[in-house]
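Reader: Please take one part of this structure and describe it closely. I would like to know what surrounds it and how the chain reaches it.

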Amino acid sequence: MYDFPATLAARGVDLAPLPLATLQLNVTKLCNQACVHCHVDASPRRREMMPDDVLERCLELLELHPSITTLDITGGAPELHPRFRDLVSGARRLGRTVMVRHNLTVTLDPHPLTKASLADLPDYFAAQRVEVVSSLPYYQEFFTDKQRGDGVFKKSLASLRMLNERGFGVSGTGLKLSLVYNPVGAFLPAAQKDLERDYKRELQSRFGVVFNELFTITNMPIHRFKAQLKKAGGYEAYMDKLVQAFNPDAARGVMCRSLINVSWDGRLFDCDFNQMLGMPAMEGGQALTVFDFDLERLRRREIAVAAHCFGCTAGAGSSCGGATT
Amino acid sequence: MTSYYEPKDLAKFAEVGHFAKESMEKFFSYYNQATGQDGALTRREKALIALAVSHALKCPYCIDAYTTQCLETGSNPEQMTEAVHVAAAMQAGITLVHGVQMQNALREKGAL
C-alpha cells in the first residue's frame with residue numbers, strides 16, 4: 001500500500017550511495033528520559049551499551065578512513081555510556097568533527113545507573129569543541145513538556161544557559177549549538193527557516209538563550225509514534241499525508257546516502273530508523289558489522305528502504321541535519 | 001448515519017466538479033492562489049485568517065484542515081486560539097452593533 005521503491009522509480013529518483021561522510025553511532029539505549037515520540041524506545045530502564053571491542057573498532061575505522069569526516073554520537077543519551085568521553089576524545093584526536101546528540105536534561109539529572117552527576121558536561125564539550133545538537137520540540141513549555149515530559153522545558157533552558165555561558169551558540173566562539181524541532185503530533189514541520197527565525201526571536205527575548213541553527217525533523221511512523229497514531233486511529237491518515245507530500249528533491253538529499261549507522265552491538269545500518277526496524281545493511285544475505293566494514297563495498301550497497309522512508313522524503317525532507325532541500 | 005460530516009469526505013471535494021468541471025477548476029485555481037502561496041501575507045498569516053473564518057462559518061472540514069495548516073506553517077495553539085477569539089469577538093460585535101438599528105427603531109416609535 002505504501003510502496004516506497006515504486007514511488008522512487010515512478011518519480012525517477014536513484015537512491016545510490018554517495019561517498020561516506022558520517023559515521024553515526026547509537027552507543028546505548030539507556031536514557032534519563034522516556035519521550036512519547038522516541039523511535040529508539042530509549043528509557044532509564046534500558047541497559048544496552050556498546051561493548052569495548054565495537055567502540056575501539058569504530059575509532060579504528062575513523063583512523064583508517066580520513067574521508068569519514070564526522071562522528072555523530074547518539075543513543076539513548078550517549079553521555080551515559082561509561083566510555084563516551086574516550087570515544088569523543090579519540091575522534092577529536094583524529095581531527096574529526098564530533099556531533100553529540102545531547103538531550104540537555106542529562107546534564108542536570110543524576111546518571112540513572114550510577115547516580116553520578118554529569119554537570120561538567122558543558123565544560124567537557126567546550127574543551128573538546130564538539131558540536132552539540134539538542135532536541136527542543138518548541139520554544140514554549142506546552143509543546144516541549146507534552147512530548148518530552150513534565151519539567152523538561154525548564155530543565156532544557158537551564159542546560160542551554162550553561163552551554164551559552166561556555167560559548168556554545170554564541171557568535172564568534174566557533175562553538176556550535178544546534179536545536180532540533182519535531183512536531184508534537186501527526187503533522188509535518190513548518191519551513192525550517194521560518195521556525196528558526198521564531199525560535200531565535202522567542203528564545204532570546206523571553207529567556208536570553210541563543211543558538212546557531214534549527215533542524216526540523218519529521219516524526220517517523222515507527223515504534224512509539226506509530227503506536228500512538230494507531231491508538232488514535234490516525235496512522236493511515238498520517239501515512240497518506242507523507243505519501244502525498246513525497247518530494248523527489250528531498251529524496252535525493254536523504255542522509256542514508258552519505259551516512260552509515262552503527263547499533264550498540266556493532267551492526268551496520270543505512271540509518272538509525274532502519275536499525276530500530278531491524279533492517280541491517282546486507283551483503284550476500286549476511287548482516288554487516290563494523291568488523292566487515294569495507295568502504296568500497298559499502299559504496300556499492302543497495303540502501304534498504306520501506307514505508308517509513310516516506311517520512312524522510314515528505315515536504316522539505318527530513319534528516320538528522322534537518323530539512324534536505 | 002453516525003455523523004453528517006465525515007473527515008474522510010473532504011478528499012471527495014473535487015467530485016463536486018462532476019457536472020461543472022470548468023467552474024470547479026477555476027475555483028481550485030483561485031483558492032490555491034489566494035490561500036496557498038506567500039504573497040503580501042505569508043501562508044502562516046493566511047492560514048490563521050482561514051482558521052478564524054472556518055470557525056465563524058462553522059465548517060468542520062475547514063477547521064480540521066486549517067488546524068493542520070496552521071501547525072504546518074508554524075503557528076502554535078496559543079496563536080490559533082487568539083485567531084478563534086478574533087472570530088468570536090467579531091461575531092459578538094456584529095450582533096451587538098445591530099443594537100443601533102434597534103435604537104433607531106425605538107426612536108422612530110417614540111419609545112426612546
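Author: Two residues are in contact if their C-beta atoms, placed from the backbone, lie within 7 Å. On that basis, in this predicted model, seven residues of chain B are in contact with 10 residues of chain A. Helix H3 of chain B, residues 60–72, supplies three residues to the side of chain B that touches chain A, the largest share. By type, that side of chain B holds two nonpolar residues, four polar ones and one charged one.

S2(A) has strand partners to describe. Strand S1 of chain A, residues 22–26, pairs with S2(A) in the parallel sense, over five bridges. One position in this pairing is A:Thr22, whose bridge partner in S2(A) is A:Thr70. Between S1(A) and S2(A) the chain passes through helix H2 of chain A, residues 52–64, and this β-α-β crossover is right-handed.

Strand S3 of chain A, residues 97–101, is also parallel to S2(A), and four bridges join the two. Here A:Asp72 has A:Met99 of S3(A) as its bridge partner. A right-handed β-α-β unit is made by S2(A), helix H3 of chain A (residues 84–93) and S3(A).

As for side chains, in a regular strand they alternate between the two faces of the sheet.

Definitions and conventions
Residues numbered from 1 in each chain as written. Chains lettered and ligands numbered in written order. Predicted model: local features only at pLDDT ≥ 70, side-chain atom pairs only at ≥ 80, totals over all residues. Pairing = 2+ DSSP bridges. Right-handed = clockwise from strand over helix to strand, strands pointing away. Nonpolar A, V, L, I, M, F, W, Y, C, P; charged D, E, K, R; others polar.
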